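Please consider the structure shown below. The paragraphs after it begin with a single residue and then widen to the whole chain.

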Amino acid sequence: MFKRHISITSCLYSIPKKNKLPPRPKWLIKEDEIKEKFLKGGSGPGGQKINKCNSKVQLTHIPTGIVVTCQATRSQQQNRDKARELLALKLDDLYNAENSRNNIIHDRQLKLKQSKAKKANRKYKKLEEEKDTPSTPEEVIMDPDQEFDEFIKSAKVDV
Amino acid sequence: MTRVTAKLIRQARSISPYLPPLLPANRSINQALLELKWIKCELPKNEWRKAVNKRLKWVPLQYILKTQPFGNLNILCKDGVLIPRWETEEWCMKLANLIKGLKLEKLSMIDACTGTGCISLLINDELKSTATNLDIHGFDVSGKAYDLAKENNEFHHLSVNFHLGDVFDEEILDKLQLTDVNLITSNPPYIPEEDYNKSVLLNGVSKSVKLHEPKLALVGNGEFYYNLLYNLVFPSSADGFVFELGYKEQADLVNEVAKLNGWRVGYMKDSAEKIRCVLGWKADGKFKSLKDLCSYVY
Ligand SMILES: C[S@@+](CC[C@H](N)C(=O)[O-])C[C@H]1O[C@@H](n2cnc3c(N)ncnc32)[C@H](O)[C@@H]1O
């Protein structure tokens, strides 16, 4: 019993708290080093003749040639901001490798998964022991962004 | 463009039952997914089914979600009033930045054919925290547009004055009691009737626009620019104007008429490289830097 307790705490200890993650590396963005383009898709007539609702923003980081795009929201202003965040993360990956925000988040997710798996194992064992307790299925609530990413991953279509 | 095939529909259904009705208006699974994401984010679950079915009938997404982002504003949209376009948002932001740089003591502006009010509201919003005194007006001939523009003004806590009015009315300026004006903007209907009836592939109008947006907001040509100049620009004290357009001939017409009255004229392209606005300024006036927004000066 005692042993098990220790293993839980030591394992949790190495997982950084969500609010202790490195900050978004926005300072890596220098406006004079990027080229911004608004991609409206297609070569139609535009103006009053069409009512598009997407507004894709593309940023090219001139010194490294890294290109990112964002069309996550319907607002061009917000897509511009998000594209800059994305680019900053990529630059962070490039410059900081090991200690980049992306890497630390990735690491954290892995560790969380492992610790969940361990817990699940224990839970399973416990359930085995006291078989008569009925289990209620947990409802998974995803935030829309995550859900969208899941869709895309499972879509597996080339369009 | 991907064709909407049975295979594509099956693929869509395997992802989500809400997806197939979004295919005709979107043409690809990824675009449809993006729209579905927005529908799910912005509407309660019990409206998703109705929303995707409306989209199947080519109702513009902005009428379904009831808004269109425009700069930092979220413009309310309603059936019967034209949805603001990204091209308009683009030149409007450029104009707002130019005006900020002028550090005017006072900006008196009229936006003719104002629709949702988006142009005047964005200028108001972008300049409200500067030292410039603002007196901004917008008018439209459509009652639905007038009501919606006022609603947008309240919704965003801005201070544009909206009126009912007709560009073709020679006394419009007196009726609005506005003579002390320095800037006139407008995005008038600019699609010639013959193009309105063509398919979008032949430089015509897209299906969703033709079926659901008001013809009153779309069909027009030289007569609008002519009347904007004679009924608003020339009789007022304006020393700058910006009119959206869709054809080089319309810019040429504005140049012909305005240069005879002592104006300098140029046009501006949008980021899709299409001719988009005609701009006018007085050689020694407050708005002579409108020239810097031009891709061509006559
Ligand atoms: C292309 S829409 C532009 C709406 C808005 N300014 C925008 O950029 O989204 C043209 C507007 O002109 C209005 N309109 C049409 N004829 C008019 C007239 N004779 N006088 C004033 N407004 C008119 C329509 O009701 C419509 O709202």
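His157(B) counts as exposed because its relative accessibility is 72%; buried means under 20% relative accessible area, exposed over 50%, and partly exposed in between, with a 1.4 Å probe and protein chains only. This residue belongs to the loop between α8 (143-155) and β5 of chain B. Helices (H or I, at least four residues) and strands (E, at least two) are DSSP runs, numbered from the N terminus. Although His157(B) is not a glycine, its phi is positive, at about 55°. Most residues other than glycine have a negative phi. Trp58(B), also not a glycine, has a positive phi of about 70°, and its place is in the loop between α4 (48-56) and α5 (61-65) of chain B.

The model is predicted: local features need pLDDT of at least 70, side-chain atom pairs count only at pLDDT 80 or more, and totals for chains, interfaces and linings use all residues. Residues are numbered from 1 along each chain as its sequence is written, chains are lettered from A and ligands numbered from 1 in the order in which they are written, and side-chain values use heavy atoms, with hydrogens and water left out.

Chain B as a whole contains 13 helices and ten strands. Its radius of gyration is 20 Å, close to the 19 Å that the globule rule gives for 298 residues, so chain B is as compact as a globular protein of that length. The radius is taken over C-alpha atoms, and the globule rule is 2.2 Å times the number of residues to the power 0.38. Of the 298 residues of chain B, 58% count as buried. The chain is divided into domain 1 (6-57) and domain 2 (70-74 + 80-297), with bounds that come from an automatic or database domain assignment. The C-alpha centres of these two domains of chain B lie 35 Å apart.

Attention now turns to the sheet. Eight strands of chain B form an open, mixed sheet in the order β5-β4-β3-β6-β7-β9-β8-β10; two strands pair if DSSP finds at least two bridges between them. At the edges are β5 (161-164) and β10 (296-297) of chain B, each of which pairs on one side only. β5(B) pairs in the parallel sense with β4 (residues 133-140) of chain B over four bridges, and His137(B) has Asn161(B) in β5(B) as its bridge partner. Helix α7 (residues 118-127) of chain B packs on the sheet and touches β3 (106-112), β4, β5 and β6 (183-186) of chain B; contact means heavy atoms within 4.5 Å. The direction of α7(B) makes about 160° with that of β3(B). Axes are lines fitted to C-alpha atoms, for helices over the stretch in contact, and angles run from 0 to 180 degrees between N-to-C directions. Helix α12 (residues 222-233) of chain B also packs on the sheet, touching β3, β4, β6 and β7 (240-244) of chain B, and its direction makes about 155° with that of β7(B).

Strand β6(B) runs parallel to β3(B), to which four bridges join it, and Ile184(B) in β6(B) is the bridge partner of Ile110(B). Three bridges join β6(B) to β7(B), again in parallel, and Ser186(B) stands opposite Phe243(B) in β7(B). Leu183(B) and Thr185(B) point one way from β6(B), Ile184(B) and Ser186(B) the other way, and all are buried.
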